[in-house]
Amino acid sequence: MSMYGRDPWGGPLEINATDSATDDDRSRNLQDLDRAALSRPLDETQQSWLLGPGEQKKKKYVDLGCIIVSRKIFVWTVGTLLFSAFLAGFVTLIVKTVPRHHHKHPPPDNYTLALHKALMFFNAQKSGKLPKHNNVSWRGNSCLQDGKGDGVSAAIKDLVGGYYDAGDAIKFNFPQSFAITMLSWSVIEYSAKYDAAGELSHVKELIKWGTDYFLKTFNSTADSITTLAAQVGVGDTSGGSTTPNDHYCWMRPEDIDYDRPVTECHSCSDLAAEMAAALAAASIVFKDNKAYSKKLVHGATTLFRFAREKRGRYSADSSEASIFYNSTSYWDEFVWGGAWMYYATGNSSYLKLATAPGLAKHAGAFWGGPDYGVFSWDNKLAGAQVLLSRLRLFLSPGYPYEEILRTFHNQTSIVMCSYLPVFTSFNRTKGGLIQLNHGRPQPLQYVVNSAFLAAVFSDYLDAADTPGWYCGPNFFSTDVLRDFARTQINYILGNNPRKMSYIVGFGNHYPKHVHHRGASIPKNKVKYNCKGGWKWRDTTKPNPNTLVGAMVAGPDKHDGFHDVRTNYNYTEPTLAGNAGLVAALVALSGDKSTSIDKNTIFSAVPPMFPTPPPPPAPWKP
């Protein structure tokens with residue numbers, strides 16, 4: 001039987017079935033014949049073609065296709081690779097499983113730990129509809145009708161939001177503006193330290209909570225205004241008045257049901273200039289949010305124009321303001337506000353104003369006196385002089401500003417000298433606390449402000465490669481200023497004769513009877529009316545809620561302290577005081593290698609010296 005198929009090369013392909021049955025036999029016969037016929041020696045490769053499977057010799061080479069290598073080398077290479085892979089895997093296994101000693105970061109310093117807490121005080125002081133993650137469990141929405149009643153200017157839609165001033169629920173816009181300016185200044189100088197502490201987004205959110213509210217206190221879309229809200233709520237109880245208000249009543253802000261009048265002003269240069277400073281400084285903080293920053297600058301410009309055109313003290317026509325936050329002058333706010341307006345806009349007209357000798361004279365820059373160098377919510381001169389000394393140290397604008405800037409720089413040096421214990425400008429308690437308010441109550445708010453000025457000025461000098469400054473013929477290094485700031489803040493943190501921390505929640509021994517309505521009344525679903533809360537005011541039991549981070553008013557001139565709720569001169573905290581505390585803490589926190597941000601504050605400032613014109617074209621005959 002035979003089969004035919006198509007030969008791929010053409011022609012028939014014949015396969016004999018009978019022949020195929022003997023193929024193996026024929027193949028074996030051919031092999032025998034070939035071996036017998038071969039008489040000459042063959043090389044190994046040729047032999048491998050002929051040797052049967054059982055008769056092949058063990059190869060000495062390995063054919064890898066493109067190269068032929070020695071079998072011994074091949075085996076050694078593959079073995080070495082396999083062993084290396086095994087060894088690497090074994091070492092990796094050991095490294096992964098054996099416990100390692102991590103290089104731990106050093107624990108946060110006390111200033112950083114206190115900073116976390118000091119910022120939380122602002123969360124507890126928020127008014128209005130609170131954000132979801134406010135992190136103060138005993139606080140809730142409050143005073144949602146502020147500014148919506150009768151008698152409020154049409155330009156003001158509502159005054160919901162902002163911060164309560166202290167242990168009450170009044171919103172005093174004058175010290176509140178100063179607090180926001182201080183927070184913004186500290187962020188502009190020390191954003192890297194805030195970031196390292198994990199608090200940068202937190203403090204910026206606190207600033208925005210304040211500036212959003214300030215933009216409601218006047219017609220912020222207008223270029224000129226005639227009215228500014230100065231205060232929400234009242235606290236005057238003189239003459240035995242029993243009318244329910246924010247001081248007569250002792251209630252949680254969430255439960256307030258009495259009227260909260262709005263106080264407006266029409267000639268309030270100090271308030272308007274301070275609020276302009278707050279918005280201007282915040283515009284630098286939010287410079288990356290161009291739309292919001294521009295909105296803040298516009299509002300600040302409108303306010304500063306109002307301050308200049310409608311001269312007057314905000315507290316002159318308000319019995320409330322004159323009792324609680326009396327402003328002694330508006331000239332210092334003109335210098336301070338003018339400096340911030342210049343930094344926010346780069347408009348040299350503001351710098352000309354801030355450095356006008358007549359303005360400085362009215363502000364008391366050349367007077368001296370017992371309170372010279374005391375930086376507070378009322379008098380910003382010392383802060384303004386530090387702020388303008390910064391301009392001279394880093395940009396040196398020259399004529400026509402140099403003479404007055406040199407004066408401000410010299411006056412700042414004198415103020416720094418007055419803070420040192422070797423001079424007798426200010427007394428100190430036996431425990432070492434500087435008496436900037438000359439033994440009067442509530443000293444700590446002034447102490448923290450001076451500590452911040454000393455720390456930031458020493459950082460300015462360091463950044464300008466200036467090792468120190470002169471007090472008369474004596475030279476002092478910048479370390480002396482930082483030591484002053486540290487000793488004062490350490491006193492507040494507990495290094496004092498009573499071993500008491502004056503920041504609530506910091507350390508083991510701190511005030512437990514803080515003068516604060518919200519902290520002293522339990523959140524127990526019971527609404528205590530105006531007089532119903534008096535029992536919580538008068539009880540000797542500790543506050544049921546911890547007002548974390550609140551810096552109380554402080555000890556007396558003998559280092560004595562009475563932890564009594566009804567004595568606000570010892571136990572009441574304030575926004576302005578805590579803002580200075582935050583600024584001082586961040587300035588001292590972290591590693592000294594993280595210094596100030598030299599340039600951000602100058603973001604809007606144009607080059608001091610304009611670009612020279614191009615040279616004339618070459619002359620052609």
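Let's start inside: the largest cavity has a volume of about 100 Å³. A cavity here is a set of points on a 1 Å grid over the protein atoms alone, where a 1.4 Å probe fits but cannot get out. Grid points are joined across faces, edges and corners, and a volume is the space filled by probe spheres set on those points. This is a predicted model, where local features need pLDDT of at least 70 and side-chain atom pairs count only at pLDDT 80 or more, while totals for chains, interfaces and linings use all residues. Residues are numbered from 1 along each chain as its sequence is written, and side-chain values use heavy atoms, leaving out hydrogens and water.

Who lines that cavity? Lining residues have an atom within 4 Å of a point, and 17 of them surround the largest cavity, with Asp168, Ala169, Met251, Pro253 and Arg517 nearest its centre. The lining splits into nine nonpolar, four polar and four charged residues, where Ala, Val, Leu, Ile, Met, Phe, Trp, Tyr, Cys and Pro count as nonpolar, Asp, Glu, Lys and Arg as charged, and the others, Gly among them, as polar.

Counting cavities of 30 Å³ or more gives two.

Now for the open space. Helices H10 (319-324), H13 (357-363), H14 (381-394) and H16 (444-463) each supply at least two lining residues; helices are DSSP runs (H or I, at least four residues), numbered from the N terminus. The largest share, three residues, comes from H14.

Finally, look at a helix pair. H5 (residues 110-124) and H7 (residues 200-214) pack at an angle of about 35 degrees, with their axes 11 Å apart. Axes are lines fitted to C-alpha atoms over the stretch in contact, and angles run from 0 to 180 degrees between N-to-C directions. Leu119, Met120, Phe122 and Asn123 in H5 meet His202, Val203 and Leu206 in H7, with contact meaning heavy atoms within 4.5 Å. These residues divide into five nonpolar, two polar and no charged.

Conventions
On a 1 Å grid over the protein atoms alone, a cavity is a set of points where a 1.4 Å probe fits but cannot get out, and a pocket is an open set with protein on both sides within 12 Å along at least five of seven lines; lining residues have an atom within 4 Å of a point.
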